[in-house]
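Hi,

Here is the structure I promised to pass on. Have a look at it first, then read my notes below.

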Amino acid sequence: MMSIAELRQYLSERYTLKCFVDLEHISTSLSCAYKQFQTCYQEVFDNNDRLVFYTTDVIPEKLLHHLDQAASLIDISNCFILICSPYDISEQLQSINPFETLQLDFEKTRALQNNYFVPDTLCPMPWMHLEVSTQGEIRPCCVYSQPIAHVKDSSLQDVFYNNTLSKLRQEFLDGKKPTGCEYCWSRESKGLTSDRTYHMRLLKTELLTKSLDSPKINSLDLKPGNTCNFKCRICNPKNSSLFAQEVSNLQNIPLKVFNWVEDNPKTINEILELLPTLTNIDMYGGEPFLIKPLLQLVKQAVDQGHASNIRLHYNSNGSIYPEKFIKYWKNFKHVDIHFSIDNMGKRFELERGGSWVQVDSNIRKLLSLQLPNVKISIMPTISIMNIFYIDELLNWASGLNLPVNPLYVSTPDGFALKNLTTEARTLIINKFKNCPWLEMKNILSYITTLPESDGKEFIKLCNHFDHLRNENFVDSHPEVAAAMGYVYNKII
């Protein structure tokens with residue numbers, strides 16, 4: 001029987017060992033396998049390279065699956081992974097891409113543990129992120145149901161490490177579905193993409209190799225105020241000053257303009273202090289390209305020499321060409337811009353406002369710059385208003401080589417897909433039953449399960465906006481209006 005030292009020597013004579021690890025270590029926590037593979041990662045391995053894991057314990061099939069998933073995420077081929085065991089483990093490997101195995105006797109190793117389970121419900125946001133809303137409310141993310149603090153009362157650091165967020169992290173680790181995350185659970189139960197699944201695709205590697213064991217604020221979602229030049233039908237006064245102006249005029253109440261950056265400068269100072277450790281800043285509004293403190297934040301990141309480590313993300317309505325921002329962007333690691341475009345032409349102008357020609361021109365102008373570190377994509381918010389016409393938006397985006405990442409309307413409730421009438425559902429299913437867009441398959445699967453709706457909430461909303469803004473939904477969206485039973489009655 002070999003000693004562990006003899007086993008290593010034996011293997012070293014046959015392979016170049018990139019690691020030699022007791023499999024018990026991998027079983028001690030859900031991040032260990034990911035960290036180990038991250039440490040060993042290289043773009044190209046030589047044929048003789050091996051990552052060796054050994055144990056004298058019987059290896060559970062689920063641990064092999066865990067190892068397989070970790071290797072796949074870090075992009076290491078299983079053929080370079082060698083598992084040494086006194087047992088034949090070929091049967092356990094039948095359901096995954098096989099590792100190389102070596103069956104031989106060696107001295108007893110530590111017993112395997114069972115602490116490597118990675119819950120399917122895990123979300124990266126509580127380990128790395130905070131949102132500050134237009135009203136100064138702090139949340140773990142933008143769709144969490146309730147604020148957990150406010151900038152006027154708490155520092156971001158204190159909130160990030162308080163009992164509320166610690167408890168939330170533990171709930172995720174225990175495989176639970178926290179109640180504050182109902183927005184995502186609801187979408188996932190319908191087969192739709194949620195914010196959680198979207199961010200797990202983007203951040204899973206970072207979560208499992210870095211943040212899980214050392215939570216740290218490296219990402220912020222900042223909405224410094226509701227300054228906006230649009231009043232989208234799916235928006236509200238909290239997120240649009242133009243919408244707020246309309247409401248104040250209609251109800252004869254004081255105009256509410258939110259700007260916590262100016263009202264509470266200690267928070268922006270704290271954000272500037274966080275710049276050395278930040279890797280991501282999401283910037284919203286209102287309209288972010290109209291909010292001056294966001295420009296100053298970008299400038300400060302450049303001036304302080306931290307920009308090269310930071311990814312910037314913007315959600316814009318596309319109406320403003322960001323000329324003052326562009327000169328700073330070249331200094332950042334990456335700049336990601338999502339344009340919130342739900343429709344095109346006159347339908348866009350009714351749903352969102354502004355000029356479609358101007359928005360289209362701004363996006364094409366940005367694309368023409370061919371900035372190497374700037375990625376542009378389209379983020380439509382799917383609603384009853386635009387779902388029937390989404391193919392036109394997809395074709396337009398495809399023509400510009402722009403990715404499309406959809407969201408779904410939840411408020412105002414009347415525009416949500418759950419209020420589709422039977423006729424409207426049939427219209428959509430018949431049009432898109434052969435649509436190749438993967439998310440459309442999820443949408444169709446969802447709407448076929450919906451109970452019947454009379455569409456009254458949708459009609460009520462359309463009627464409200466049409467009369468308030470002297471518009472006519474029927475003129476721009478005739479097919480949807482007819483299927484939803486909406487008829488515009490002009491008030492004389």
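A residue counts as buried when its relative accessible area is under 20%. By that cut-off, buried residues make up 55% of the 492 residues in the protein. Keep in mind that this is a predicted model.

Some overall figures next. The C-alpha trace spans about 95 × 55 × 45 Å along its principal axes, and the accessible surface is about 22,600 Å², with 49% of that belonging to carbon and sulfur atoms. If you take the contacts with a separation of 6 or more, 73% of them come from residues 24 or more positions apart. For secondary structure, you'll find 21 helices and 14 strands.

Now for a sheet. Strands of a sheet pair through backbone hydrogen bonds, either parallel or antiparallel. Here, four strands make an open sheet, ordered S1-S2-S3-S4, with parallel pairing. S1 (16–22) and S4 (100–103) are the edge strands, each pairing on one side only. From one strand to the next, the twist averages 25°. Between S1 and S2 (residues 49–54) there are six bridges; look for Phe20, whose bridge partner in S2 is Val52.

Then there's a pair of helices to find. The axes of H7 (residues 182–189) and H8 (residues 195–211) come within 8 Å and cross at roughly 90°, which means H7 is roughly perpendicular to H8. H7 brings Tyr183, Cys184, Trp185 and Glu188 to the contact, while H8 brings Asp195, Arg196 and Thr197. Sorted by type, the residues of this contact are three nonpolar, one polar and three charged.

Cheers

How values were computed: Residues are numbered from 1 along each chain as its sequence is written. This is a predicted model: local features need pLDDT of at least 70, side-chain atom pairs count only at pLDDT 80 or more; totals for chains, interfaces and linings use all residues. Side-chain values use heavy atoms; hydrogens and water are left out. Axes are lines fitted to C-alpha atoms, for helices over the stretch in contact, and angles run from 0 to 180 degrees between N-to-C directions. Helices (H or I, at least four residues) and strands (E, at least two) are DSSP runs, numbered from the N terminus. Angles under 35 degrees count as roughly parallel, over 145 as roughly antiparallel, 65 to 115 as roughly perpendicular and the rest as oblique. Contact means heavy atoms within 4.5 Å. Ala, Val, Leu, Ile, Met, Phe, Trp, Tyr, Cys and Pro count as nonpolar, Asp, Glu, Lys and Arg as charged, and the others, Gly among them, as polar. Two strands pair if DSSP finds at least two bridges between them. Buried means under 20% relative accessible area, exposed over 50%, partly exposed in between (1.4 Å probe, protein chains only). Accessible areas come from the Shrake-Rupley method with a 1.4 Å probe; for residues, only the protein chains shown count as cover.
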